[in-house]
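This briefing covers a few local features of one chain model. The sequence and structure come first, followed by notes grouped by topic.

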Amino acid sequence: MKKLMKKKFFLIFMSFSIILPIGSLYAEDDDYVSVQLLGVNDLHGQIDYESYFADFDGDGEEDPAGRADYLASYLKEREADNPENTLVVNSGDMIGGSPLVSAAFQDEPTVEIMEAMGMDVGTLGNHEFDEGVDELLRMINGGDHPNGTEGYDGMDFANVAANVQYKDTKELLIDPYVVKEVGGQKIGFIGVVTTETPNMVIKEGNENVEFTDEVEAINKYVPELKEQGVKSIVVLAHNPGFQEGETITGDAARIANNVDDEVDVIFAAHNHVENNGYVDGKLIVQAYSYGTAFSDVDLKINATTGDIVDAKAEIVTVAQHGMEPNEEVAAILQKYEDKVAEIKNEVIGEAKTELIGGYAERGEVGDNALGNLIADGMKWAMDADFALMNGGGIRANIDQGDITYGEVFTVQPFGNVLNKVELTGADLEQVLNNQISEQYGPDYSVAGFNYTWQDATQEVVNIYLPDGTKIDPDENYTVVVNNYMYGDTDSEIEKLSENMVVGPTDLDATVDYIKTLEGPIEYREEGRISEVELELPFSDISASDQAYKVLYELAEQGVFKGVYEGKFNRNKPVTRAEFVQLLNNALELESDGNIHFTDVEGDRAAAIDAAYDAGIIAGRTEDKFVPNGSMTRAEMITVLTRAYKYVTNDEVTPSEKSVFSDAYSFSWAKSAILQGHALGLVEGYPNGQFKPFSSTSRVEAAYVIYNWLNILE
């Protein structure tokens, strides 16, 4: 996950109501119909979840929240308040990323429990696409699966998604909306899924679907509902909302601000937090995740016009204390727990301490114990040089003590397959750069190497092999990733790599690796990933400077040695002597001691003479170099193209002279300038001119030399 909502979210439960009028307040109850919508989001098949504890009753002892049979009891209790006019809805990710008790049977146990809870309508989340479109449609419509339950007949409730369509035909995957009649009133439910979904699911099996803009999809179908006389419209959106006080931002707020005002309520999801507030007069709600809470939305609908005139919501915590589990759902849960018990409880190892997992983090020590273990297992399973593991694929921690198969399954529930690829050292660096985000920092856990990165540039500084040497940018290395990472376009792994080999599932690799470890496992964070501050020899260049990393790398290579000290003065024109010294430091040329020019002396005389002997530079006159004169752009590029030929002995086909509108003004240097453009060393100004006689600033010179060195690599 480079990478939306990929970080950890902490569950903080509160129950309260916000009441604001959507339209005019109702005068008499007889003129209005009361409707109750009970919403669940991001269950993720966590039908046995009870890992969140808090002191819900104030007795000083912490009690669990969650578990499907308790959630069902809460929903049934709330439904009893308005039995004829209550609907149960969901806003996606009800399956996928599930624990063993559900995933071992293709999440069919979760569907069976959703039906027992009385689910009426839902939309899709990104995790519904975890195993591809065909499996998603089987889950909805029914059909047997080798790992499923015999006679599985699909979901008995409506599923809607208005923005998921086939790429080739542009037909929707499922219906865009459904109309439910409650208390004599029509309510339209439109579903949408985050357009970020392709970046979060495997490509295989989802190649022929695309996710259109959520707002456009909703606004496309609102008129259809209006034509059917539907004035009460609810959106089930698998999109995140972020709330501080009464202010909600994020996708859910964007949708609220831009959709037709006939939309009255938006059930949000995806980022596992609480939303309960209003944007543009529309109620937005979201109730955490894993069945630990639900949203109770009360609507007042004008019995004559069919419009929602008032909506209020309460986010209710599913605290087990004081509530009896629902017998029907408890029986279903027990049935599947019995079936999976032998597999789930197999002890495969022992943890000396708790193994914390998740995403890599900012800081001097950015790796984590469980991420290191999983990455090591991937590397071991496929006998590779390196391994990378995305943080979003590590769904839980491992407790101290016995490690069971079920516990590891909870950590890696997706059944992703390992892919071994070949990457050059330079391409590996690019992959690592791609996974660093401005908001969160690094993502992947790694094995087989360590690396440092810098926040100001959002890029890797150095990659080190186990023996402390730096990685060879031109060497080929074998790297193991999972198939989700391989197909993720943001990572560019598929684009940059070669010779992909398919291996076992990520779960099997971790389980088998743990079995090889003797004694209690003592993995910890060890600095495989480290955020560093780059130290420049210039006091006037800050980490926020756009040229920071370029100047750092040149300084690290010794290009500035003996030229600039203390301050860089980025916009000061570079002199002819300074530029030749910089280039000579990069080339490491040596003078024969016979100084050709009479107006240079000392160290820079040797550097200038060495470049002259190599045929790279010439004087302004036969015996005068004019070392303190400004290096013009034409002179700079001429020197660099000569240096390129000196190093490579290659001829360069120049670009067309039409690339610069002032080509007529530099006939003497035209060939060199157009060769430099062809090499990618220089570009023109925004007006299309090259301006050959303009002075070159120090920072421009640094960039061009940096580009030149990269071209030589």
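The buried residues of helix H19 pack against helices H14 (548-556), H15 (576-587) and H17 (633-648). Helices (H or I, at least four residues) and strands (E, at least two) are DSSP runs, numbered from the N terminus. This is a predicted model, in which local features need pLDDT of at least 70, side-chain atom pairs count only at pLDDT 80 or more, and totals for chains, interfaces and linings use all residues. Residues are numbered from 1 along each chain as its sequence is written, and side-chain values use heavy atoms, with hydrogens and water left out.

**Helix H19**
- Among the buried residues of H19 are Arg 698, Val 699, Tyr 706 and Trp 708; buried means under 20% relative accessible area, exposed over 50%, and partly exposed in between (1.4 Å probe, protein chains only).
- The end C-alpha atoms of H19 (residues 698-712) are 21 Å apart, which agrees with the 21 Å that its 15 residues should span at 1.5 Å a residue (the expected span is 1.5 Å times one less than the number of residues).

**Asn 372**
- Asn 372 lies in helix H8 (residues 369-381).
- Asn 372 counts as buried because its relative accessibility is 0%.
- Beyond its neighbours within four places in sequence, Asn 372 has contacts that include Asp 367, Tyr 523 and Arg 528; contact means heavy atoms within 4.5 Å.

**Sheet**
- Three strands form an open sheet in the order E26-E25-E29, with mixed pairing; two strands pair if DSSP finds at least two bridges between them.
- Strands E26 (459-464) and E29 (529-531) are the edge strands, each pairing on one side only.
- E25 (residues 450-454) pairs with E26 in the antiparallel sense over five bridges, and Thr 452 has Asn 462 in E26 as its bridge partner.
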